[in-house]
Amino acid sequence: MTVPPRPGADPSLTTPLPPRTQRVLMTLHVLTLLYFPVHVVLLTAGFAIVLCLAIPTVLLPGRTVDRLFDAVPFRPSWWVTRGELLHEGDAEWYRARTERAVQDILRGKSRWGQEDGTYVLPVHTYRALSACEALQIAAAYGCWPAYRSDAVIPARRIILIRGLNDAFAA
């Protein structure tokens with residue numbers, strides 16, 4: 001069930017990203033398989049450096065360590081998994097994937113949680129859906145877009161917060 005867009009609404013919110021061609025998907029999938037071991041080594045080396053510098057990191061100003069890890073994301077946005085390769089453009093598959101991600105947020109098992117209580121829904125979870133559809137799925141489970149100016153960037157991510165009832169339940 002899709003709500004019709006308001007007149008003058010941003011088209012990037014109401015239309016899904018265009019499907020990638022099979023050639024592009026295969027190329028990105030092969031590059032993902034080749035780069036994955038390098039990525040694991042980079043993450044492991046970064047983790048080892050943080051462990052070795054555990055005491056000095058306390059002395060670093062602000063979120064310096066977080067900014068260092070932002071340079072090497074946990075899952076690069078260009079990666080293509082086997083499921084994405086097989087189901088590119090399949091809205092039902094991405095709808096189910098988005099629902100699982102939102103359910104993980106509600107169960108507290110989301111790996112995309114942040115310190116400020118927000119949760120990131122990366123574009124690879126809702127690629128064949130519009131940002132509005134992804135937000136409707138999240139709203140059905142009690143999650144809402146965060147109160148930030150950059151909460152919804154359809155081509156990259158959506159930042160969600162849990163519903164107010166959940167926030168005050170504990």
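From the N terminus on, the elements of the protein follow the order α-α-α-α-α-α-β-α-α-β-β-β-α. The model is a predicted one. In total, the secondary structure amounts to nine helices and four strands.

The protein has 170 residues, of which 31% are buried. Its accessible surface comes to about 11,100 Å², and carbon and sulfur atoms account for 65% of that area. When contacts between residues at least 6 apart in sequence are considered, 67% of them join residues at least 24 apart.

**The pairing of H6 and H8**

Two packed helices are described by the angle between their axes and the distance between the axes. Helix H6 comprises residues 91-107 and helix H8 residues 131-140. Their axes come within 9 Å and cross at roughly 45°. Because of that angle, H6 is oblique to H8. The crossing in which H6 passes H8 is right-handed.

Which residues of the two helices meet? On the side of H6 they are Arg 95, Thr 98, Glu 99 and Val 102, and on the side of H8 they are Glu 133, Ala 134, Ile 137 and Ala 138. By class, this contact of H6 with H8 has four nonpolar, one polar and three charged residues.

**Two buried residues**

Helix H6 also holds Arg 97. Is this residue buried or exposed? Arg 97 has a relative accessible area of 14% and is therefore buried, the cut-off for that class being under 20%. Apart from neighbours within four places in sequence, Arg 97 is in contact with Glu 84, His 124 and Thr 125.

A second case is His 39, which lies in helix H2, residues 22-52. Its relative accessibility is 2%, so His 39 likewise counts as buried. With neighbours within four places in sequence left aside, the contacts of His 39 are Val 72, Pro 73, Phe 74, Arg 75, Pro 76 and Trp 79.

The table sets out the two residues with their values.

| Residue | Helix | Relative accessible area |
|---|---|---|
| Arg 97 | H6 | 14% |
| His 39 | H2 | 2% |

Taken together, helix H6 contributes Arg 95, Thr 98, Glu 99 and Val 102 to the meeting with H8, while Arg 97, found in H6, is in contact with Glu 84, His 124 and Thr 125.

Definitions and conventions. Residues numbered from 1 in each chain as written. Predicted model: local features only at pLDDT ≥ 70, side-chain atom pairs only at ≥ 80, totals over all residues. Heavy atoms only, no water. Axes fitted to C-alpha atoms, helices over the stretch in contact; angles between N-to-C directions. Parallel < 35°, antiparallel > 145°, perpendicular 65-115°, else oblique. Left-handed = near helix turned anticlockwise from the far one by under 90°. Contact = heavy atoms within 4.5 Å. Nonpolar A, V, L, I, M, F, W, Y, C, P; charged D, E, K, R; others polar. Buried < 20%, exposed > 50% of the residue type's maximum accessible area, 1.4 Å probe, protein only. Areas by Shrake-Rupley, 256 points an atom, 1.4 Å probe, with all protein chains shown as cover.
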